[in-house]
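Take a look at the structure first, then read on.

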Amino acid sequence: MIHPILIQKIVESVLGQFRFLLFKKDPLLRSRRRICSFISELTKFKLLPQSSSFRCLKMCLRDFTGPNIDMTSFLLEQSGRFLYLQPESHARMQHLVIKFGLTLHVIFYYRLQRLVTSVEILSIFLTTEIFSWDMLYFV
C-alpha cells in the first residue's frame, strides 16, 4: 500500500508540471509526452481521479493550438481508451470525442481555406490533422 501523502505530493507535482507546460509555448515534446504519460498511468492505476484527467483534456482543448494539440493527442492516445471503457466515464468521454471530432472538421476546413496558398504551411497543418485523427482512432 502506498502512503496517501506520497500519492498526493506526486499528483500535485505532475499536475503542476502539466499546467506549466500547457501555458509555456516552447515545443518541449519529450517533457510534454512524459507528463501526459504520468497523468495517464496515474489515472489507469486509479491514483488520480478521472475528473482530473478530464480537466487536463479540457484545458488542452480550450487552447487547441501548437504544442497543446500534441498534449491532447498524447493524453487521448494513452488514457483515452481506458476512460472510454470505464462505466463511470464512458458517457463523458463519448461526448468529448464527438465534440472534438466536430471541432476538428471545422478547424480543418477553416484553416484549409486560409492556408491553401502556402504549400509548406499546408503540409505542416495536414501532418497535425493526421496526428489528431490518429489519436481519435486510439479511443
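Helix α1 packs against helix α2 (residues 29-44) at an angle of about 140°, and their axes are 10 Å apart. In this predicted model, the crossing of these two helices, α1 and α2, is left-handed. Angles over 145 degrees count as roughly antiparallel, and α1 and α2 are therefore oblique to each other.

**Where α1 meets α2**

- On the α1 side, the contact with α2 is made by Ile10, Val11, Val14, Leu15, Gln17, Phe18, Leu21 and Leu22.
- Facing them from α2 are Ser31, Arg32, Ile35, Cys36, Phe38, Ile39 and Leu42.
- Sorted by class, this contact of α1 with α2 holds twelve nonpolar, two polar and one charged residues.

**Where α1 meets α4**

- Helix α1 (residues 4-23) also has helix α4 (residues 67-85) as a partner: their axes come within 9 Å and cross at roughly 145°.
- Phe18, Leu21 and Leu22 of α1 touch Asn68, Met71 and Leu75 of α4.
- The classes in the contact of α1 with α4 are five nonpolar, one polar and no charged residues.

**Where α3 meets α4**

- The axes of α3 and α4 lie 9 Å apart, and the helices pack at an angle of about 150°.
- α3 and α4 are therefore roughly antiparallel to each other, and their crossing is left-handed.
- From α3, the contact takes in Gln50, Ser53, Phe54, Cys56, Leu57, Cys60 and Leu61.
- From α4, the contact takes in Asn68, Met71, Thr72, Leu75, Leu76, Phe82 and Leu83.
- By class, the contact of α3 with α4 divides into ten nonpolar, four polar and no charged residues.

**The largest pocket**

- The volume of the largest pocket is about 240 Å³.
- Eleven residues line the largest pocket, and the closest to its centre are Lys58, Leu61, His95, Leu96 and Lys99.
- Two or more lining residues each come from α3 (50-62) and α5 (90-115).
- With six residues, α5 gives the largest share of the lining.
- The lining of the largest pocket is made up of five nonpolar, two polar and four charged residues.

Terms used: Residues are numbered from 1 along each chain as its sequence is written. This is a predicted model: local features need pLDDT of at least 70, side-chain atom pairs count only at pLDDT 80 or more; totals for chains, interfaces and linings use all residues. Side-chain values use heavy atoms; hydrogens and water are left out. On a 1 Å grid over the protein atoms alone, a cavity is a set of points where a 1.4 Å probe fits but cannot get out, and a pocket is an open set with protein on both sides within 12 Å along at least five of seven lines; lining residues have an atom within 4 Å of a point. Grid points are joined across faces, edges and corners, and a volume is the space filled by probe spheres set on the points. Helices (H or I, at least four residues) and strands (E, at least two) are DSSP runs, numbered from the N terminus. Ala, Val, Leu, Ile, Met, Phe, Trp, Tyr, Cys and Pro count as nonpolar, Asp, Glu, Lys and Arg as charged, and the others, Gly among them, as polar. Axes are lines fitted to C-alpha atoms, for helices over the stretch in contact, and angles run from 0 to 180 degrees between N-to-C directions. Contact means heavy atoms within 4.5 Å. Angles under 35 degrees count as roughly parallel, over 145 as roughly antiparallel, 65 to 115 as roughly perpendicular and the rest as oblique. A crossing is left-handed if the near helix is turned anticlockwise from the far one by less than a right angle, and right-handed if clockwise.
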